[in-house]
Amino acid sequence: MGITMDRAESRGGPNGIEAGESAVDEQQLVDEAAALARALLVRSDAAMSRRERRRRDRLGRLLDDPSGRELVLALTDEVLRVEQPQRAAQRFAGIVRAHPTSAVGMVDRLMLRAGALIAPLLPKVVMPLVTRRITAETHGIVLSAADPAFAKHVERRRREGVRLNVNPLGEAILSDAEAADRLALVRARIGRSDVDYVSVKISAVVANLDVLAFDQSIERITEPLRILFRDAMSATPRTFLNLDMEEYRDLELSLVAFMQVLDEPEFEAIDAGIVLQAYLPDSHAALERLGDWATSRHRRCGGRIKVRIVKGANLAMEAVEAEVHNWVAAPYPTKADVDASFKAMLDSALRPEWSESVRVGLASHNLFDIAWALVVSRESDAVDRVEFEMLEGMAPAQARALLEQAGSLLVYAPVVAREDFDASIAYLSRRLDENTQPENFLRALFTLRPDTPEWHEQERRFRVAVAAR
């Protein structure tokens with residue numbers, strides 16, 4: 001980690017920590033981070049608009065009620081995806097009956113009950129209203145790809161001092177034709193003069209990847225990556241391209257393809273990014289390979305990389321797939337393990353010997369994780385190497401507080417074309433599932449207040465994770 005540069009350079013091991021080191025300085029940093037997390041919460045709460053406060057309180061009540069959580073997830077996942085109004089109406093009525101909740105306001109409760117009765121009788125009238133009401137609650141989380149709405153949003157964010165990491169969403173790619181269409185969508189975003197940062201997954205631009213046909217898959221991946229990197233280099237302004245990933249099976253393919261293309265003479269001097277997921281034990285070895293490779297590449301040609309560290313959003317899918325195939329699940333088994341892993345990866349990424357070649361994207365809504373990264377990067381003289389990232393539309397008041405504290409902010413902004421609306425529903429369902437898990441900080445954030453038992457529990461988890469990393 002490196003409390004100061006001098007101390008860090010005297011330590012051994014990938015995390016920069018020796019067995020004989022005193023715990024006093026680290027305890028001071030932990031205390032400072034806990035105090036800063038509290039200050040961020042207080043500041044964001046004070047600056048929250050009336051509309052944001054109403055929305056936060058409404059979501060807090062829903063997520064705190066088991067039936068309310070099931071209602072939200074079921075409506076998002078099982079109603080909005082159904083295209084036939086009659087089938088959607090039947091499912092809507094069944095869900096409302098199965099998950100009665102008092103967590104919503106009186107007006108919404110009456111609308112739910114009335115809608116459940118009327119929808120099966122007048123599905124073509126009621127279901128568009130239901131869809132509109134549900135999607136209104138998610139406004140700003142997934143952006144429309146169409147202008148002028150997209151252009152206006154980008155300009156508003158620019159005036160606020162916030163950069164966008166644009167991620168074109170779409171349905172799962174099943175054919176080469178669909179992959180070509182998605183590649184065209186990504187290229188269109190890269191080519192815009194108001195976009196300078198784009199994320200893309202290999203599974204979004206290459207169909208039917210097979211990790212067992214590894215070399216062939218790498219060949220198929222590198223071809224569209226070259227196209228995208230060429231577009232990014234020629235764009236005005238130059239676009240930063242970030243390689244995203246979801247499934248564990250894509251980790252090694254993404255890693256090798258990323259390094260192989262960026263080692264080619266055409267691309268060896270450009271900056272680019274890649275995501276690593278802290279919920280995968282394999283990500284630690286991947287980070288070591290990336291850091292050592294990036295350092296060698298930087299000495300040779302000057303290009304740098306950015307490693308975007310996330311906790312991982314596909315735990316449920318990975319667990320189901322492992323159970324179906326009788327595999328050992330790829331991720332860590334507990335949230336405590338993931339939290340410790342996240343901080344250990346930050347330690348590794350900020351090591352002094354990588355200072356010229358590796359930048360860090362710290363993607364989290366956990367105020368303790370954010371505060372810890374702020375404190376550690378300052379103590380390590382690495383502030384300019386860390387970029388803080390949040391999800392568009394999630395906890396906007398906390399995002400403003402972080403922007404004020406850190407001086408910059410990058411928000412991950414999914415965009416979707418009208419014809420790919422179902423993809424936005426899939427994204428929303430995954431985010432809802434991820435953020436409503438019992439131990440997730442963002443779920444607690446909707447009702448979290450300083451110095452309450454819930455706050456002290458979050459602080460305890462943070463202190464445990466720092467020690468366990």
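In this predicted model, E160 forms a salt bridge with R156, and their closest N and O atoms are 3.0 Å apart; a salt bridge is a side-chain nitrogen of Lys or Arg within 4 Å of a carboxyl oxygen of Asp or Glu. Both E160 and R156 belong to helix α8 (residues 149–160), where they are four residues apart, about one turn of the helix. Helices (H or I, at least four residues) are DSSP runs, numbered from the N terminus. In total, the structure holds 38 salt bridges. Side chains of opposite charge can pair when their charged atoms come close.

Helix α4 (residues 66–79) packs with helix α5 (residues 85–98) at an angle of about 170°, and their axes are 10 Å apart. Axes are lines fitted to C-alpha atoms over the stretch in contact, and angles run from 0 to 180 degrees between N-to-C directions. The angle makes α4 roughly antiparallel to α5, a term for angles over 145 degrees. From α4, the residues L71, A74, L75, E78 and V79 meet A88, R91, F92, I95 and V96 of α5, where contact means heavy atoms within 4.5 Å. Eight of these contact residues are nonpolar, none polar and two charged.

L117, I118, L121, L122, V125 and L129 make a nonpolar surface patch of about 620 Å². Patches are made of residues with over 30% relative accessible area and no salt bridge, and nonpolar side chains (Val, Leu, Ile, Met, Phe, Trp, Tyr) are joined within 5 Å. Accessible areas come from the Shrake-Rupley method with a 1.4 Å probe. Helices α6 (106–118) and α7 (123–137) each give two or more residues to the patch, and L117 lies in α6.

Residues are numbered from 1 along each chain as its sequence is written. In this predicted model, local features need pLDDT of at least 70, side-chain atom pairs count only at pLDDT 80 or more, and totals for chains, interfaces and linings use all residues, while side-chain values use heavy atoms, with hydrogens and water left out.

Methods. Parallel < 35°, antiparallel > 145°, perpendicular 65-115°, else oblique. Nonpolar A, V, L, I, M, F, W, Y, C, P; charged D, E, K, R; others polar. Patch = residues over 30% accessible without salt bridge, like charges linked within 9 Å, V, L, I, M, F, W, Y side chains within 5 Å.
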